[in-house]
Amino acid sequence: MDKPWLASYPGDVPETIEPDAYPSLVEMFEESVRNYADQPAFVNMGAVMTFRKLEERSRAFAAYLQNDLKLKKGDRVALMMPNLLQYPIALFGVLRAGMVVVNVNPLYTPRELEHQLIDADVSAIVIVSNFASTLEKIVANTPVKHVVLTSLGQMLPHPKGTIVDFAVKYIKRLVPKYHLPGAISFRKALRKGRRLQYVKPFISGKDIAFLQYTGGTTGVAKGAVLTHRNMLANVMQSKGVYGPVLKAGRELIVTALPMYHIFALTVNCLLFIEMGGKNLLITNPRDIPGFVRELRQYPFSVFIGVNTLFNALLNNKDFHELDFTGFNLTIGGGMAVHQGVAERWKKVTGIPILEGYGLTECSPLVAVNPHNLPEYNGSVGLPVCSTEVRIVDESGQVLPYDQTGELQVRGPQVMQGYWLREAATREVLDSEGWLSTGDIVRFDQQGFIYLVDRKKDMILVSGFNVYPNEIEDVVTLHEKVLEAAAIGEPHEVTGEVVKLFVVARDPSLTRHEIITHCREYLTGYKIPKIIEFRDELPKSNVGKIIRRALREESEAKRGRKS
């Protein structure tokens with residue numbers, strides 16, 4: 001298959017990368033520490049941690065895991081916390097000990113947490129006290145033998161850390177009571193580890209670095225097996241496409257997306273460790289006024305976010321007053337960036353949103369828009385270096401560029417499979433290494449990929465395919481609309497109709513105004529027939545609107561009526 005998209009990239013972007021540039025993530029980390037020892041690596045709530053301090057603390061944690069907890073190479077260690085200084089310390093400590101990181105969403109319910117800990121056969125977990133009550137409910141049912149407990153303020157200097165913890169526990173009451181006998185504090189674990197000998201194990205690119213859980217294209221959450229080589233390949237691919245506009249050792253990246261999520265893990269954390277960047281960790285990005293106050297203190301140069309986060313910031317008047325002088329790169333992913341949001345972001349900051357596309361099974365980056373893209377173009381970009389893509393129909397036949405079908409991906413960043421799930425792996429990964437993404441796309445003549453929708457989110461109206469992304473993009477162009485989500489609702493004549501959920505920016509917004517607006521942009525069968533106004537929409541940990549929750553809610557309502 002020809003690769004016309006390669007000609008569309010700027011000349012400074014390589015066609016291929018070397019996935020074995022480092023033997024493992026540990027060697028990459030160690031080289032960065034040597035190159036940038038006394039430069040800041042992470043900043044959180046005003047506290048600064050240099051590369052040297054990160055090396056010392058992660059080495060102590062690795063020694064603690066090896067010696068005190070007696071864990072072995074390949075054992076799984078879960079990390080359950082938001083963006084805190086403790087996260088990169090624990091992350092690199094686990095990796096340096098030759099163990100496997102199992103990232104856990106802190107917002108999990110007890111049932112979801114229990115499933116993941118059992119499925120991954122987790123031996124130890126590092127958890128923030130805010131979520132310890134969830135663990136308490138199910139820990140006895142899991143293989144977890146060791147609990148390492150921390151708090152939001154534990155790595156902050158005195159007295160700030162004490163004040164933060166007091167406020168969180170006693171004023172905001174964000175730490176439910178829990179009882180976890182035998183748990184050790186993270187600070188004590190580091191103290192112990194400093195007195196113990198760290199023994200660096202042999203780690204190859206084939207060794208597993210992460211079990212990153214995802215719903216995949218269907219079904220229960222599954223662990224995508226991502227090796228050191230998978231992750232390194234994606235770091236080098238990210239560097240290949242973004243590197244030409246980044247200065248090693250001089251960038252400040254805003255990390256508002258949680259690092260336990262694969263997008264921020266690879267691009268924010270690992271890429272900028274490799275490049276000697278400084279990560280500004282935002283622990284609670286939902287507090288937009290507090291977030292903007294943080295941004296005012298730091299001359300940031302790179303911002304990575306999702307559509308809902310961009311939108312929320314744009315709706316904060318103080319954000320418009322920030323100094324964007326040194327700002328040079330915005331990357332959007334996780335969900336479709338709406339045109340209206342992209343245009344407003346460019347107007348306010350002077351920098352276009354370079355939308356990208358990826359999935360957990362690809363470590364995650366598959367495609368990005370070129371760094372010299374002057375304006376939003378509605379695409380998710382071109383395939384990253386050393387990545388092949390194609391479109392197939394329902395029977396698996398490869399389609400030409402101008403057709404719509406399921407995207408398949410092949411490259412060094414593609415996972416090894418789902419942890420202990422051979423059948424589920426065979427469903428999405430064929431013998432030639434092609435991964436079926438479950439996403440419906442089309443290409444243009446230059447090779448730009450346009451994300452039409454998730455296969456499972458598609459709405460079928462009188463035999464016509466309707467894609468929620470298109471509906472939502474049109475609706476959010478209306479000046480009175482803040483957010484929107486579209487799902488299919490059963491209909492006895494047309495099979496399904498479009499049901500729209502709307503969060504209004506202006507309370508005067510009416511159903512009639514929305515319908516009139518849609519008629520201007522959409523053909524008849526795509527126009528929403530049911531419109532429901534909401535104060536807010538259900539969102540994932542990275543701010544992605546969860547259509548599945550809206551579908552389930554609608555199904556439950558229909559069940560009660562029948």
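The second largest pocket is lined by 50 residues. Among them, T283, N284, P285, R286 and D287 lie nearest its centre. Helices (H or I, at least four residues) and strands (E, at least two) are DSSP runs, numbered from the N terminus. The model is predicted, so local features need pLDDT of at least 70 and side-chain atom pairs count only at pLDDT 80 or more, while totals for chains, interfaces and linings use all residues. Residues are numbered from 1 along each chain as its sequence is written, and side-chain values use heavy atoms, with hydrogens and water left out.

Helix α10 supplies the largest share of the pocket lining, six residues. By class, the lining holds 28 nonpolar, twelve polar and ten charged residues. Here Ala, Val, Leu, Ile, Met, Phe, Trp, Tyr, Cys and Pro count as nonpolar, Asp, Glu, Lys and Arg as charged, and the others, Gly among them, as polar.

One cavity of 30 Å³ or more is present. On a 1 Å grid over the protein atoms alone, a cavity is a set of points where a 1.4 Å probe fits but cannot get out; a pocket is an open set with protein on both sides within 12 Å along at least five of seven lines; lining residues have an atom within 4 Å of a point. Grid points are joined across faces, edges and corners, and a volume is the space filled by probe spheres set on the points. The largest cavity has a volume of about 30 Å³. Its lining consists of A342, E343, K346, P352, I353, E375 and Y376. Helix α12 (residues 339–349) gives the most, three residues. Four lining residues are nonpolar, none polar and three charged.

Seven strands form an open sheet of mixed pairing, in the order β7-β6-β5-β3-β4-β8-β9. Its edge strands, β7 (184–185) and β9 (222–227), each pair on one side only. Two strands pair if DSSP finds at least two bridges between them. Strands β3 (residues 76–80) and β5 (residues 122–128) run parallel and are joined by five bridges. M80 stands opposite I127 in β5.

D119 sits in helix α4 (residues 110–119). With a relative accessible area of 17%, D119 is buried (under 20%; exposed is over 50%, partly exposed in between; 1.4 Å probe, protein chains only). Leaving aside neighbours within four places in sequence, D119 is in contact with Y213, W419, L420 and R421 (heavy atoms within 4.5 Å).
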